[in-house]
Amino acid sequence: MSYINDIRKHIGHAPMLTAGATVAVIKDGKILLGLRSDTKTWGLPGGAIELGESLEETAARELKEETNLSAEGFTFLNLYSGKDLHFIYPNGDELYTVTALYLARNVSGELKVNDSESLKLGYFSKDELPELTSRASDIIDFLIQRAVL
């Protein structure tokens, strides 16, 4: 059971504040995206921090859980917060998040959907992006502006 699920038992769908990490995996000029099972939109791997974890540990765990990939390390790129990171999930859970964006370095492993959060995974060039979550769109714009993608 995750920390978020434990808190949700007490507060129901009420707004809550979380911290987490999002991971940009770039391969051959393309970015890795996952089709979310809840919103049916594409986003980057990532998720909420668990008690006692560092943000880099969160990035590594979420990357492995969602894609089966591992990285030798991560480079911090940006921090996102504020009203633009307000989200209401299809089940009614309301969330404000503070998210650290990391670039995965030296990625290895066999790409595969590893959990129930994603329906499929794929690499996309900036010219062939699918329908994105608003947060993913903002992150990809940032990566393009910084010439990371």
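Visitor: Why is Phe76 called partly exposed?
Guide: Its relative accessible area is 47%. Buried means under 20%, exposed over 50% and partly exposed in between, with a 1.4 Å probe and protein chains only, so Phe76 counts as partly exposed. This is a predicted model, where local features need pLDDT of at least 70 and side-chain atom pairs pLDDT 80 or more, while totals for chains, interfaces and linings use all residues. Residues are numbered from 1 along each chain as its sequence is written, and side-chain values use heavy atoms, with hydrogens and water left out.

Visitor: And what makes Tyr102 count as buried?
Guide: Tyr102 has 6% relative accessibility, so it goes in the buried class.

Visitor: How many aromatic pairs are there, by the rule?
Guide: Rings of Phe, Tyr and Trp (its six-membered ring) pair if their centres lie within 6.5 Å; planes under 30 degrees apart are stacked, over 60 edge-to-face, and the rest tilted. That gives 5 aromatic pairs.

Visitor: Why are Phe76 and Tyr102 called edge-to-face?
Guide: Their ring centres are 5.8 Å apart and their planes stand at 70°, so the pair is edge-to-face. Strands (E, at least two residues) and helices (H or I, at least four) are DSSP runs, numbered from the N terminus.

Visitor: What makes Phe87 and Tyr89 edge-to-face?
Guide: The numbers are 4.6 Å centre to centre and 75° between the planes. Phe87, at 28% relative accessibility, counts as partly exposed, and Tyr89, at 24%, does too.

Visitor: Which residues do ring pairs link into a cluster?
Guide: Phe74, Phe76 and Tyr102.

Visitor: What is the secondary structure of the protein?
Guide: 3 helices and 9 strands, in the pattern α-β-β-β-β-β-α-β-β-β-β-α along the sequence.

Visitor: How do you know that the protein is as compact as a globular protein of that length?
Guide: The radius of gyration, taken over C-alpha atoms, is set against a globule rule of 2.2 Å times the number of residues to the power 0.38. The protein comes to 15 Å, close to the 15 Å that the rule gives for 149 residues, so it is as compact as a globular protein of that length. Its C-alpha trace spans about 45 × 30 × 25 Å along the principal axes, and buried residues make up 39% of the 149.
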